Amino acid sequence: MKSIIIDENTSIKNLIVIKPNSWYDYRGENIQTYDDVEYITLLNGINFTTDSFSFSTKNVLRGFHGDLKSSKLVQCLRGTVYFAVIDLRKNSETYENVFTYTLNDKNRIQILIPNGCVNAHLCISDDCIFSYKLSDGYVPINEQLHVYWNDIKYLNKIKWPIQLPPIVSARDNPFNID
């Protein structure tokens, strides 16, 4: 069985939703999250050079971050996250469109994020592990794109499933005066 594209007609051009290979038997589950030959074809030639993981607890929100170089293949390995992407490619027909999805360790969904888009995720389970594959490695912060999680321009398009303000880094806090 091969990984399959579930949706490539999303609200953001070139953003693709993928269901990876998995096998079940009496012992449990085995999941193939990446095969370079299969995925290079599946993702129109994009290859990945770097793996990165974030470990978060409930109500931690990471992002919105991205860059003009790297495409990302993301998934939630443990727990549940509310995931959001904003298209910041000025020449894109989907410029400033937003895409949201719930990712978790049950649905095993992967999302390809094109370069020029920013993404964020909010941990809504007790804890979560979030995986990123980067096509061009980690881009330094001074070369990254950034949008605050509560930017009024996008807030009405993103329904964060949280009552209290999320736990964010100083970089992601719009009230940080440093």
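**Sheets, pocket and local geometry**

Mentor: Strands S6 and S11 run antiparallel and are joined by 5 bridges. Please keep in mind that this is a predicted model.

Trainee: Which residue in S11 stands opposite Arg62?
Mentor: S6 and S11 are antiparallel, with 5 bridges joining them. The residue in S11 that stands opposite Arg62 is His121.

Trainee: In what order do the 5 strands of the open sheet lie?
Mentor: The pairing in this sheet is antiparallel. S8 is joined to S11 by 7 bridges, and S8 also pairs with S9 over 7 bridges. The order of the 5 strands is S9-S8-S11-S6-S13.

Trainee: How many residues of strand S8 are buried?
Mentor: Strand S8 spans residues 80-87 and is mostly covered. Thr80, Tyr82, Ala84 and Ile86 point one way, while Val81, Phe83, Val85 and Asp87 point the other way, and all are buried. The count of buried residues in S8 is 8 of 8.

Trainee: Which strands stand at the edges of the open sheet of 6 strands?
Mentor: This sheet has antiparallel pairing and the order S1-S2-S10-S7-S12-S5. Its edge strands each have a single partner strand, so one side of each lacks a neighbour in the sheet. They are strand S1 (4-7) and S5.

Trainee: What is the average twist from one strand to the next in this sheet of 6 strands?
Mentor: The strands concerned follow the order S1-S2-S10-S7-S12-S5. From one strand to the next, the twist averages 30°.

Trainee: Which residue in S2 is the bridge partner of Ile4?
Mentor: S1 pairs with strand S2 (residues 16-19) over 3 bridges, in the antiparallel sense. Within S2, the bridge partner of Ile4 is Lys19.

Trainee: Which element gives the most residues to the lining of the largest pocket?
Mentor: The largest pocket holds about 440 Å³ of space. Its lining receives two or more residues from strand S5 (50-57), strand S6 (61-66), strand S11 (117-123) and strand S12 (127-134). The element that gives the most, with 5 residues, is S6.

Trainee: How do the residues of that lining divide into nonpolar, polar and charged?
Mentor: The lining comprises 24 residues, and His65, Lys72, Tyr132, Tyr138 and Gln144 lie nearest the centre of the pocket. The division is 8 nonpolar, 11 polar and 5 charged.

Trainee: Where is the cis peptide bond?
Mentor: Most peptide bonds are trans. Here a cis bond has an omega of about 15°, and one of its residues, Phe64, has its place in strand S6. The cis bond joins Gly63 and Phe64.

Trainee: Is Asn14 buried or partly exposed?
Mentor: Asn14 lies in the loop between S1 and S2, and its phi is near 70°, a positive value in a residue other than glycine. Its relative accessibility is 44%, and buried would mean under 20%. Asn14 therefore counts as partly exposed.

Trainee: Is Glu96 buried or exposed?
Mentor: Glu96 lies in the loop between S8 and S9, and its phi is likewise near 70°, a positive value. Its relative accessible area is 17%, and the cut-off for buried is under 20%. Glu96 is therefore buried.

Definitions and conventions: Residues are numbered from 1 along each chain as its sequence is written. This is a predicted model: local features need pLDDT of at least 70, side-chain atom pairs count only at pLDDT 80 or more; totals for chains, interfaces and linings use all residues. Side-chain values use heavy atoms; hydrogens and water are left out. On a 1 Å grid over the protein atoms alone, a cavity is a set of points where a 1.4 Å probe fits but cannot get out, and a pocket is an open set with protein on both sides within 12 Å along at least five of seven lines; lining residues have an atom within 4 Å of a point. Grid points are joined across faces, edges and corners, and a volume is the space filled by probe spheres set on the points. Helices (H or I, at least four residues) and strands (E, at least two) are DSSP runs, numbered from the N terminus. Ala, Val, Leu, Ile, Met, Phe, Trp, Tyr, Cys and Pro count as nonpolar, Asp, Glu, Lys and Arg as charged, and the others, Gly among them, as polar. Two strands pair if DSSP finds at least two bridges between them. Axes are lines fitted to C-alpha atoms, for helices over the stretch in contact, and angles run from 0 to 180 degrees between N-to-C directions. Buried means under 20% relative accessible area, exposed over 50%, partly exposed in between (1.4 Å probe, protein chains only).
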